[in-house]
Structures are given as structure tokens and as C-alpha cells.
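Please read these notes with the model open beside you. They take a few spots in turn.

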Amino acid sequence: MRVLLIGANGYLGRFVADRLLADPAVQLTALGRGDDADVRFDLATGSPGALTRFLDAVHPGVVVNCAGTTRGGARELTRHNTVAVATVCEALRRSGCGARLVQVGCSAEYGPSQPGSSTAEDAVPRPGGPYGVSKLAATELVLGSGLDAVVLRVFSPAGPGTPAGSPLGRLAEAMRRAMQSGDGELRLGGLGAQRDFIDVRDVARAVHAASLSAAQGVINIGSGRAVRLRDAAATLARVAGYGGALHELDGPPGALRPTIGHPRTESVGHRVDALGHHRTEVLGHHRPDPLGGRGERTDSEHAAPAPHPYPDGCGSWQQADVRTARDRLGWRPRIALEESLADIWMEAACRI
């Protein structure tokens, strides 16, 4: 089976490439913008005609698209997440290769969910931000293309290679800095959100399974279990051997909730929480901000709360219903969150 992988040098794409290369029946060709790709091609600016000619020459049986971006304004997100997929779909329609398309989508397409619920594939998508909108538009293009295609809606990927700007990446970096500086207290905000974390290697297994299957439509890829970020932080502390006190800064100004350790008298200051949201919170004595925010303030001035406490647009809760993946792909998650966190910490610790 000849597979064309788009976005092989990205966070998910690297693990998908490793998984596909481990299958002796797969002949893999990587297409992307980087120098390490077998073929250099920018989906956001390249023409469908040029891509069609390449498809006709290589004649893949499966095209896997892991390309895209999570950062930037609406224009950049649209170019790399929506226009790029339109180019792929149009090129496949024009080509005579008849390749199957496996598109990697994301849970941000759903937007916020009702706490306690599991989101199934038939849920009405209501993305809460431009990233989710751009990915949902891409999914609609794939589903309406008439191609043999499947969209894997990946929930919150974790494990080795986790980007430093992600919630778990921020937690690991904050803990690394605390341990490096000998700080016996770590103050973190934004830990009330609950997300469905799925190891990136399990995602790669799902992509491999989808490449071999005849399944079409949308399929959720997640663990099926929402985990509160504060619980992930506690697990990460245990894995890292961090013996200090972990203080949660969620709640109204003036409230301090100790997760590990004991509370203490604090002052008010600005923080960047685990989801990347700038907020005014209760802080300790003047120290470098472990999550990259500005310096603390010692006066009692309170800034107005930010209007959107969840920059990923997914609200306070997301949990996947993964029965479709089990039934149609024969896929189940295998790697526990603690193992994913251990791998995240191993990479962070190497920077000490």
C-alpha cells in the first residue's frame, strides 16, 4: 500500500509516520513545506492542478493529511486549515489515483460540551473560536467532496513531543523551572478545565487503522474520560518527584486553593494560566512567573477578568464518546495518561 503523508514533520505527523513506516506493507511518501519532506509542496499556496499531477505520478492508495496550524489569526488559520484541505480534496477529485483520504480533525470543532456528557459524532458542532471554525470548515469540505474519506476528530493529544504551549506542556515547563530554581511552591491557574487526553501514539494507531479500513464520515479519537487539569498537575508532580506545594489559583481574586501543601498569605498579580489565558490572580511573594506571565503586583488593583477563560474554545468540559472508533476501526486507547505525562516530563527534565 502506497501512502502519501502530508504534514509528516508536525506533532501528530511524526508519530503517524513512525507508525506507518513500521508496517512492512506500507510504502510511505512524505509531502510538506519543510526540507525534510520527500516532496516540498505548500498546500496553502500551491494549486490543485500541481498536486493532481503529483498524485497521478505517485498513485497513492491512501492520502493522510496531518497538516495544519493551531496558531495565528483567522486568516492564517483559514489558509492552513481550510484552504489547504480544499486543495487536497480538489486534487484528489481531479486525479485518477482513486486514493482514500484520512483527514485529521480535532475536538475543537465541537466546541463546549455539557459537563458530565460524552460527545458523540452526531453532536451539532459549535466551535468556540477561529481554530475550531477553520477545522470544522475543513471537515465539511471533506465530507462533501464525494471522496472515499474519513475524518478523525482527535481530542487532546498528549505524550512525547507535546508542544510547550499546550496545557500539559505549560504544566511541565512550570514544574521544571520550579525544580531548577529550588522553589518549594508552584502556583498555577486555569486548572479547573477538564479535557479528554489521548496519547499521540494511540492517535497514530488510529490513523493507521483508518487507512486500512473502509470507514467513512467522522470518528472520535479520545480516551473516553475527561481529566481535570489540576489532577493532571498532581500526577505530573508525582511523576517528576516534585515535593513542593502546588497551589491552584482558580476562583475569584482573593481565593487560594491548595492542591498539594498548605495555603499562605498572598498578594494579587497577573498570571498566564495553563490554557494560556491572562488573568489577575492571588500570588505569592515576588518570583519569576512559572507560566510565563508578567511580574507580580503587590498592590490591590484588580484587572477585569478576561472575557474568554478557555482559549481553545472548548469550555470547561470535553469528553469523547469513542464507541464508533471501537466498532468501525477496531481501535481502543492503550496508553494511560500517567505514561503520557511521564514522557512529557522526561523531555522537560532534559532541559534542566
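The points below cover the basis of the model, a strand, a lysine and the cysteines.

1. Basis. This is a predicted model: local features need pLDDT of at least 70, side-chain atom pairs count only at pLDDT 80 or more, and totals for chains, interfaces and linings use all residues. Residues are numbered from 1 along each chain as its sequence is written, and side-chain values use heavy atoms, leaving out hydrogens and water.

2. Strand β13. This strand spans residues 245–248. Helices (H or I, at least four residues) and strands (E, at least two) are DSSP runs, numbered from the N terminus. A245 and H247 point one way, L246 and E248 the other, and all are buried. Buried means under 20% relative accessible area, exposed over 50%, partly exposed in between (1.4 Å probe, protein chains only).

3. Its partner. Strand β8 (residues 185–188) pairs with β13 in the parallel sense, over four bridges. Pairing requires at least two DSSP bridges between two strands. L188 has E248 as its bridge partner in β13.

4. K135. This residue lies in helix α4 (residues 130–143). K135 is buried, at 5% relative accessible area. Its C-alpha atom is 8.8 Å from that of G68, 67 residues apart along the chain. Beyond neighbours within four places in sequence, K135 contacts (heavy atoms within 4.5 Å) A67, N81, Q103, V104, G105, C106 and E109.

5. Cysteines. How many disulfides are there? The count is zero, taking a disulfide as a pair of cysteine sulfur atoms within 2.5 Å. For C314, the nearest cysteine sulfur is that of C106, 7.3 Å away. C314 is buried, at 3% relative accessibility. C350 is exposed, at 64% relative accessible area.
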